[in-house]
Amino acid sequence: MERKVYFDNAATTPIRKEVIDLIHKTLSDTFGNPSSTHSFGRSARTQIETSRKSIAKHFNADPQEIIFTSGGTESDNMLLRCAVQDLNVKTIITSKIEHHAILHAVEFLDENRLAKVSYVKTDAEGFVDFEDLEKHLKADKTKKLVSLMHINNEIGNILDLDRVSKLCQENDALFHTDAVQGVGHYAIDLEKVKIDFLSAAAHKFHGPKGVGFSFVRKNSGLNPFIVGGSQERGLRAGTESVHNILGMAKALEIAYNKIEEEQKYLKELKVYAIEQFSATFPGIHFNGCCSDLDRSTCTLINVSLPVPEDKATLLNFHLDLKGIACSKGSACQSGSVKGSHVLEEVVPLSHKNNPSIRFSFSIFNTKDEIDYLIKTLDSFVKE
Ligand SMILES: Cc1ncc(COP(=O)(O)O)c(C=O)c1O
């Protein structure tokens with residue numbers, strides 16, 4: 001039987017068995033509409049509110065600060081648009097290496113003259129230039145919102161949330177972070193770190209797809225994003241996806257209960273992958289700051305491989321043929337191919353013609369799978 005290896009966990013993660021079991025049970029036992037006042041509805045409502053409390057607890061947040069959404073994209077759109085519409089935000093400061101859910105949302109706001117967008121500089125490794133951020137924050141007197149992602153989904157850099165939040169406070173700016181790649185993998189204490197808004201998605205931490213949440217700090221002044229019923233304190237109308245919300249809370253509970261053990265496992269796996277890649281492909285370049293495990297997520301590596309140009313185009317096809325799932329990206333080559341906007345910023349000129357691939361890990365991956373990957377790549381390059 002053909003071997004299947006899944007190294008695309010930054011795209012989505014497999015759902016934990018305990019989560020699937022709970023979703024099944026909820027689908028059959030808790031089908032009432034949470035807005036109904038009879039016992040079926042009340043039961044669903046109680047379970048949703050228990051989930052909200054459980055999620056809030058992991059972040060030292062108040063349950064009413066957790067607003068359920070359909071996932072990362074919706075949370076990002078909701079928070080940016082509402083901040084502009086309701087909080088008099090005139091300038092959004094972000095970076096060029098955010099997820100498209102942010103970049104396209106801010107472009108929309110800019111094009112429609114709802115807010116001005118300015119992009120903070122990032123350095124050669126893809127880290128925010130804090131001096132430049134401060135300049136942007138002090139540029140004029142308009143109300144500002146900084147939106148910077150916690151963990152970059154392509155290269156894995158970890159943002160110093162505390163440092164950004166302090167700068168925002170000092171300059172009376174709001175701070176939103178797209179924490180879609182961080183939640184469930186890294187602890188975030190929202191009591192200590194003054195983040196105003198945060199986006200998360202369950203399918204990145206072994207939960208179901210199509211559900212996530214926005215953290216909206218108390219008394220933020222946001223008005224409804226989706227109008228209709230009065231669900232989610234009126235901010236996001238629509239019948240709640242009860243089974244998904246319960247599944248998300250369960251996935252998060254397991255993730256944070258096991259965070260130390262799982263981070264340790266993933267760090268070892270990542271270090272092993274870096275060692276094997278370096279030993280087998282001497283000309284390799286790791287994009288971002290891969291080997292610094294304090295500043296780079298343990299869940300992924302992004303490599304530019306020294307592969308001859310004629311083979312580069314076949315590389316992903318070959319990996320797929322061998323049952324290996326990963327994510328390709330490329331820095332835009334000679335302007336002809338639309339490459340990754342993130343790699344465009346960080347891949348050095350000397351590697352711009354090499355294929356870049358993201359391998360993203362979960363606790364379900366093993367060193368043996370990394371050996372298989374390296375062997376497959378090596379024989380393909382040498383063939
Ligand atoms: C950093 C980041 N933000 C936002 C999203 C979008 O999340 P969703 O797929 O839940 O809409 C993703 C998904 O890849 C992501 O990695």
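# Domains and helix packing in a predicted model

The domain assignment of the protein, whose bounds come from an automatic or database assignment, gives domain 1 (17-257) and domain 2 (258-382). This is a predicted model, in which local features need pLDDT of at least 70 and side-chain atom pairs count only at pLDDT 80 or more, while totals for chains, interfaces and linings use all residues. Residues are numbered from 1 along each chain as its sequence is written, and side-chain values use heavy atoms, with hydrogens and water left out.

Colleague: What area is buried between domain 1 and domain 2?

Modeller: The C-alpha centres of the two domains lie 28 Å apart, and 26 residues of domain 1 are in contact (heavy atoms within 4.5 Å) with 24 residues of domain 2. Buried area is the accessible area (1.4 Å probe) that two parts lose on being put together, summed over both. Carbon and sulfur atoms give 54% of the area buried between domain 1 and domain 2, which is about 2200 Å².

Colleague: Which three residues supply more than any other three of the area that domain 1 buries against domain 2?

Modeller: The share of these three residues in the area that domain 1 buries against domain 2 is 28%. They are Glu-154, Ile-155 and Tyr-186.

Colleague: Are α8 and α11 roughly parallel or roughly antiparallel?

Modeller: Helices (H or I, at least four residues) are DSSP runs, numbered from the N terminus, and axes are lines fitted to C-alpha atoms over the stretch in contact, with angles running from 0 to 180 degrees between N-to-C directions. Helix α8 (residues 259-280) packs on helix α11 (residues 367-382) at an angle of about 20 degrees, with their axes 10 Å apart. Angles under 35 degrees count as roughly parallel and those over 145 as roughly antiparallel, so α8 and α11 are roughly parallel.

Colleague: How many charged residues has the contact of α8 with α11?

Modeller: Among the residues that meet are Glu-268 and Tyr-272 in α8, and Lys-367 and Asp-371 in α11. Ala, Val, Leu, Ile, Met, Phe, Trp, Tyr, Cys and Pro count as nonpolar, Asp, Glu, Lys and Arg as charged, and the others, Gly among them, as polar. By these classes the contact of α8 with α11 has eight nonpolar and two polar residues, and the charged ones number four.

Colleague: Which residues of α6 make the contact with α5?

Modeller: The axes of helix α5 (residues 130-138) and helix α6 (residues 161-170) come within 10 Å and cross at roughly 25 degrees. On the α5 side the contact is made by Phe-130, Leu-133, Glu-134 and Leu-137, and on the α6 side by Arg-163, Val-164, Leu-167 and Cys-168.

Terms used. Helix = DSSP H or I, 4+ residues; strand = E, 2+ residues; numbered from the N terminus. Parallel < 35°, antiparallel > 145°, perpendicular 65-115°, else oblique.
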